[in-house]
Amino acid sequence: MAAQETSQSATFRYAFGNVLSFSVLLLIGVMAFSIRLFSVIKYESVIHEFDPYFNYRVTQFLTKSGVYDFWNWFDDRTWYPLGRVIGGTVYPGLTLTAGALWRILNSVNIPLSVETVCVFTAPVFSAFASWATYLLTKEIKGPGAGLTAAALLAMVPSYISRSVAGSYDNEAVAIFALIFTFYLYIKTLNTGSLFYATLNAIAYFYMVCSWGGYTFIINLIPMHVLLCIVTGRYSPRLYIAYAPLVVLGTLLAALVPVVGFNAVMTSEHFASFLVFIIIHVVALVYYIKGLLTPQMFKVAVTLVVSVGMILCFAVLAVLIALVASSPTKGWSGRSLSLLDPTYASKYIPIIASVSEHQPPTWPSYFMDINVLAFLVPAGIIACFLPLSDASSFAVLYIVTSVYFSGVMVRLMLVLAPAACIMSGIALSEAFDVFTRSIKFHLLGVTQNPQDNAGDTTNVTQNDVKSEKSEDTIKERPSRKSKKKEKENTEKPSLVSRVEKKLLVLPLETSVIAVFLLVLLGAFYVVHCVWAAAEAYSAPSIVLTSRSHDGLHVFDDFREAYAWLSHNTEVDDKVASWWDYGYQTTAMANRTVIVDNNTWNNTHIATVGTAMSSPEKAAWDIFNSLDVKYVLVVFGGLVGYPSDDINKFLWMVRIGGGVFPHIKEPDYLRDGQYRIDSQATPTMLNCLMYKLSYYRFVETDGRGFDRVRNTEIGKKHFKLTHFEEVFTTHHWMVRIYKLKSPRNRIRGKTKKSKSQKSVSSTSSKRSGTTKKNPWQ
Amino acid sequence: MKRLRSDFSHLFFVFGFFMLFSNVCSDLVISKLDRQIDVSSQIVRFTTSLKVENNGAAAVSKVLLPYHENQAKNLAFLSVKITEGKGKTKTSSDRLPVDVIHPEGMPPALTWYAVSLPKELGKGGSLTLEVKAVFTHLLTPFPEKITQADAQLVAFQDGAHYLSPYTVKIQSLTVKLPEPKVESYTRLENTKFSGSEIKYGPYENIPPFSHPTIVVHFVSNKPFSVAQELVREIEISHWGNVQVTENYNLVHAGAELTGEFSRLDYQARPHVRGASALRSLVARLPPRAHSIYYRDEIGNISTSNVWSDSAKTLLEIEPRYPMFGGWRTAFTIGYGLPLQDFLFKSQGKRFLDITFGCPMNDIVIETLSVKVVLPEGSNDISVVAPFPVKETRETKLSHLDIAGRPVIVLEKTNVVPEHSQNFQVYYRFSSFSLLREPLMLVFGFFLFFVACIAYVHADFTISKSSPSYIAKLQWDEVQTAIQQFQNIMNRVLVIHDKLEASLRDLSRTGDVQACKASRKAADGFLKELSKELKPLLSFLQSSPQALQIMPKVEELVIKENDLQEKLMLKHSMVVDSYEKKSGGRDIDNRVAAVQQKITLLRQEVDDLLEVIDEI
C-alpha cells in the first residue's frame, strides 16, 4: 500500500513538474519573442540594415510569383548588365519559411503584409531556438539544465543582435536549425532510433537551405564521431546517428540549388565522407571481433592493417591530387579565411572590407555573451563529470565555436548557443548543489540541531573560496548520486546527512552562493535587456540622436530612396558603392550596378575605379554602364561616420586590385588618408571627393567636415559631367545625374578612337595614365 | 499663350452661329450679374450671382447655364441656390437640381446645365440665383518648366463677359489673385487692377454668347498638389472603432522643375529657392481621432505633427522630401475614430454617416474611391450620397472571416474640398453576429484542447494483442516493480546509515539510551520495509520478463540481509561495550572484523544497486 501511495505521489509530482516546465518553456518563448520587439517599439516595424532588404525583396517576389518562378528567377535589376540568377544563388530557407508563413496566415484569413511577416520571423524563430536549446541540453544534462540554457539563450545578446524584429536575415532561422539538428543528432545518439536519424537528416536539410554555416554541422558531427571512435565509445547507436545523416543529408543538400554538387565536391564536406568510411571500417572490425576468437582476431588485424595502410595511402594520394588540382584547393574564400585568419586580408579585400568578417575584440565577447564567458569553464567541467557521448559533443561544440568566433566576429553567433548550453549546465548543477545543501541543513536542524556545528566547521574551511571552486565542488554530487537524488527528493524526511556529508556545503556558504548566482543572473538579464534595447535595436536605416530639445530623427536614406523610386524612370540605373545595392533595389526599385552579394569582384572594382577616377574618366565608365544616377553617402555635415569617404580606401583597393592604374599610394599622403589641404591631388580630384563635397563649403563658409574633423582640402569647384539632382535633408545621401553628352560639346575636341571621349573639358586630369577599363 | 488664344478665337465663329438661336432659348433676361473668380489656389472657384427676370409670356421652369467644353470637363462641383435679401438678411435655399442637357442645334463646344427651379417663374417674375462652380486644372503653368530659383507663373483664361444664352443687362467680373503680382492681363474697357484683384466691368446690355477672352498671367506660388489616386478605406468594427486608411498618390502638378535641385539653396532661402515647393499638408480629421499613422511603403515617415481639440484633430504631414513641380510621392495615412460618432440607428437599420472627400484642403483628387467595409454578415445595404457616384460591390476577407465582408466601393473623379460632405451607408446587422467570431475562437480552442485530451488518453497502438505489445506492457510493469524495489533498498540503506550515525553519536556523547531508541526505530522501519519487499519479490519471480534480472535481485536481497545482520551485530556489540564502559580502542578491536565485512558487503550492495539501476 505504502509503495503504491509513493508511486502515486511520484507520478503526481512528475505531472506537476511537466506542467511547470511546460509553462516555463512557454514563458521563455514569450520572453525570447518579446525582448526582440524593442526595435519595433523604439523605432518601427521595418526591415533592418542591408541583407534583410534583399531577403525581403526575394520574399516579396516569392509571394507574388510562386515557388517555381522563384527557382527560375533571373533578376535583371541588379548587377547591371550581368544580372543575377537569384533562384540558384540564394539560400532559400529563410525566404521559403517566411513565404510559407505568409501563405498559411493568408489562407486562414489573417491578412498580414509580407513585410510584417518578415519583420517578425526572426523573433518567432528565436523562441523556437530557445525551445530547441532546451531539448538539446535536456538530452545532455537533464531538464533542469535544459530550462536554464533555454532561458539564457532566449536573451543572449549575441543572438539578439542578429534576430531583433526586422533583422530578417538567414541567421535568424539558421540558429534554430543548427541547434535543432544537434538536438536530433544527440537524441539519435542516445536512443539509437532510426526515426530520429531520419528527422536529423531533414533538419540538416533545413539548415542547408538556410545558411552557409551548415558546413559547421557537417564538420562538427564527424569530428565528434571520430572522437567517440578514438576514445573507444563506438556503439551501434553512434552508427545509426551518423551513417544515415551523411547519406540522406548529402543527398538532400544536393537538392538545394545553391549547394548542388558542392555537397560532394568541395573540401568542406570531405571530413564527413572520410569519417563515414572510418565508421564503417570500425563497425566491420567490431563485427569481426564478435565472430572470431581473440587469437584469430589478432592475426586478422595485423593482416588487414598492413594491407589497409597501403590502400589508404593510395586513396589519400588520389584525394590530395584531386584537391590540389583545383585552384582554391577546393575551399571557398570564406572557409579558407576561417582556417587561416590572415587569408582574407592578404588575398580578398572584398571579404576583408566587411566589418563583420574581422576578428572580434575582447570587449565584444563581454558585450555579446557577458557572464556566460565566466560560466562556460564550469560548464565544461560539469560535462566531464561524467563524460557521456552527449556531453562530449557539447564540449567539442564549445571548443570549435570558440575558435571560429575568434576568427570572425560574425561567428560569435555560433558560439552563443554553445555558451548558453554550457552555462545552463553550470548554473543548474550549481543550484542543484546549493539548494540541496540548504534543504538538507534546514531539515537536519529540525532533527538534531547540536550536530550541525561539527559538520559545518569541517567543510567551511575549504569553502571560503571563490565561485570557481564552488563550481568544481558542486560537480561531485552529480557523479555519484544522480540516481540517489531522485530518491532523495521523493523521501526528504529520510535524508541522511551522513551519506551526503561529502556532497553538502555549509548552510551559510550555500545561501551566499545562491545569492551570488542569482545576482550574477540578474546582472546578465540587465545586460541583455540593455543590449536588446540600446545596442542592437537600431534599424540602421533610421538614425536618431538625442539633443537637448528631444529626439532628432535622421531618415535621410529612406528620403533618398523614396525620391528615387517616385521621381526617376523605372529603368534608370543607379550607381553607388555596393553597400547600398540591396537597399536601392528593394526600397527604390531601381536597377543597380553592384550590390551586397559580392559575387563579381571585377564589377565592383569597376565601380570602385569610377569612384576613384577624375570626373571625366568616371563619367565614361558610368556612361558605358548606362548609369543615369550616382548615389553617394556623405556624413560630413551631421557627423555620420560610416559614409563613403570613410569607405573610400576600400574602393581604391578593390578597384586597384583589378585595374592597376588605380594605385592606393596616390590617394595617401605619407601613408595617411586625409581629405584636408594636405591631401594628394589625385584624392582631391576623384569623383567620390567631388560628389561628396560639392558646394559643401557654402554651408558654413569653410567646409568643416564633422566626421574627419578637418576643413576639406578643395573647397570651390564645379561639376562638369554631373549635376546635383537631389540631396537629402541632412545631406547624408546625395544623388547626381550624369549630364547627357550633347550638352558637353564645347572646347576643343580630342582625337580619340572612342566616341565617348570626344571632348576633354576636365582640365583637372592629372598626368598619370588613365586607362579606362571599358575601352 | 498663343495656343490659348487660338482656342477662343475659334470659338467666336461658333458663337456667331448661335446668336441666331438665342431667342429660341427663352425670354429670360439676366438683369444683374456679379461674377467672382477666385484663382488664388489651383482650385478655381466661380461664384456668380444672377438676377433672372422672365420677360416672356410663358412660365419658365428651367434656367440654362452653358459652360465651355474646356471648363466643363474640369468642372468638379456645381451648386445653384436661390438667395433672397441682401447682406445680413441674405438667406439661401437648398441646392437646386442641375442636369446636363443637350439642346438641339447647339454645337458640342458647349455643355449645358439646366437648373430646375422649385416653382415656375411666371411672367415678370424675378429671382436671384447663386451659382457656385468649382474647377480644377484650369490654371496652366507658363512657362511649363522652371528652375529652382524661379517663381511659378500660371495663366488663366476666361471670357470678360458671362457666357449665357440670355441677354445680360449689367454685369461685372472680379478675378482674385493669390498675390498682387501680375505678369500680364488682358486690358479691355473698364479694366481695373488693384491690390490682388482685377476688375472687369461693369458692362451693360451684353447680348447672349458674347465672350471676349481675357487672359491673366500671374504669380502663383501655391503648390498644385494633385492626388492622382486616393483610396479611402473605411472599415467598421462594431467593437467600437471606425478605421480609416487613406492611400495617396500625390503629384505636384505645377510648373516642372528643371535643372539642379540644390538642397543648399533650398535650405538657405526656402521661400525664394523653392517658393512653389510643397512642404506640408494639413489634414483636418474628426475630433477624437486616435491611432494616427503616416507612412509609405518603406516605413514610417517621421515628419508629422498632431494637434487636437474638442472640435477637430489637425494632422500636419510633410512628404519625405519637399515636392517640386513634377515630383511625385505616395503615402498612407490612417486613423481610428470612435464608432458612436459615426454610426447611428434608424428604423431598425444602422447607418454610417461619414464624410466623402479627403480631409486635406487645397488638394485636387483625380480619382477618389471610397471603400466602406461593413462587418461580416451585414445585409440590405444601400447608399445615400449627396452627389452622383459610381457604386460597385466587393468582398474582402479579413481576420476570422468565412464569407467575407461586404465592401461598397464609391468612385468619383475630380474631387475638390467642396465634396467633403457626408454620405450614408444603410445596412442591417444583428448584434448576435458580433459574438460569432469570439465564439468561433472559443470553440476552436475548446476543440483543440479536447483533441489534446483525447489524444493523450487514447491508445493509438495498432495491435493490442501482439506479443511485442504485451511484452512491452509486462516490461513496463517489471520496470516499475524494480523501481519500487530500488526505492526500498535505498531506504533500507538510509536506515543503515542512520544506525551508523547513531553509533557515531554514541561515541561522541555516550548517550546509550538515544542510541537504543534509534535502534528500535530502525528495527521497526526495517521490518516494515521487508514486508513491503515481499509482494514485489514474488511478483518479480512470477514474471517471465524479469528472468534476467532476477538473479541480481535475489543476490542483492541476500547480501542486504547479510549486511543488515552484521550491522545489527555491530550495533549491539558497540552498545554492549558502552554499557560495560569499555574503552574506545577495545570497542574498535571487537568490532573491527564485523566492520570489515560490513564495508565489504556495503560495497557489493552498492555495486549491485548500480547494476540493477542500469537495467
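Student: How many bridges join S18(B) to S25(B), and do the two strands run parallel or antiparallel?

Tutor: Strands of a sheet pair through backbone hydrogen bonds, either parallel or antiparallel. Here S18(B) and S25(B) run antiparallel and are joined by 11 bridges. To see one of the pairs, find Asn247(B), whose bridge partner in S25(B) is Thr332(B). (Two strands pair if DSSP finds at least two bridges between them; strands are DSSP runs of E, at least two residues, and helices are runs of H or I, at least four, numbered from the N terminus.)

Student: Before we go on, what am I looking at?

Tutor: A predicted model, where local features need pLDDT of at least 70, side-chain atom pairs count only at pLDDT 80 or more, and totals for chains, interfaces and linings use all residues. Residues are numbered from 1 along each chain as its sequence is written, chains are lettered from A and ligands numbered from 1 in the order written, and side-chain values use heavy atoms, without hydrogens or water.

Student: Fine. Which strands does S17(B) pair with?

Tutor: Take S17(B), residues 225-237, and S18(B), residues 241-252: they run antiparallel, with 12 bridges. Along that pairing, Val226(B) faces Val251(B), and Glu229(B) is opposite Asn249(B). The other partner is S28(B), residues 364-373, which runs parallel to S17(B) and is joined to it by 9 bridges. There, Arg232(B) has Val370(B) as its bridge partner.

Student: What happens in the hairpin of S17(B) and S18(B)?

Tutor: The hairpin leaves 3 residues between the strands, and Gly240(B) adopts a positive phi near 120°.

Student: What is the strand order of the open sheet?

Tutor: Reading across, you get S22-S21-S25-S18-S17-S28-S31-S30 in chain B, an open sheet of 8 strands with mixed pairing. At the edges sit S22 (299-300) and S30 (390-396), each pairing on one side only. S30(B) meets S31(B), residues 405-415, through 7 bridges in the antiparallel sense.

Student: Which residues of H28(A) and H29(A) meet?

Tutor: Arg558(A), Tyr561(A), Leu564(A) and Ser565(A) of H28(A) meet Gln583(A), Thr584(A), Met587(A) and Ala588(A) of H29(A). By class, that contact has 4 nonpolar, 3 polar and 1 charged residues. (Ala, Val, Leu, Ile, Met, Phe, Trp, Tyr, Cys and Pro count as nonpolar, Asp, Glu, Lys and Arg as charged, the others, Gly among them, as polar.)

Student: At what angle do H3(A) and H29(A) cross?

Tutor: Roughly 40°, with the axes of H3(A) (residues 51-65) and H29(A) (residues 581-588) coming within 8 Å. That makes H3(A) oblique to H29(A). Asp51(A), Tyr53(A), Phe54(A) and Arg57(A) from H3(A) touch Tyr582(A), Gln583(A), Thr585(A), Ala586(A) and Met587(A) from H29(A). The classes there are 5 nonpolar, 2 polar and 2 charged.

Student: How many helices and strands are there in chain B?

Tutor: 9 helices and 32 strands. The C-alpha atoms of chain B fill a box of roughly 150 × 60 × 50 Å along the principal axes.

How values were computed. Axes fitted to C-alpha atoms, helices over the stretch in contact; angles between N-to-C directions. Parallel < 35°, antiparallel > 145°, perpendicular 65-115°, else oblique. Contact = heavy atoms within 4.5 Å.
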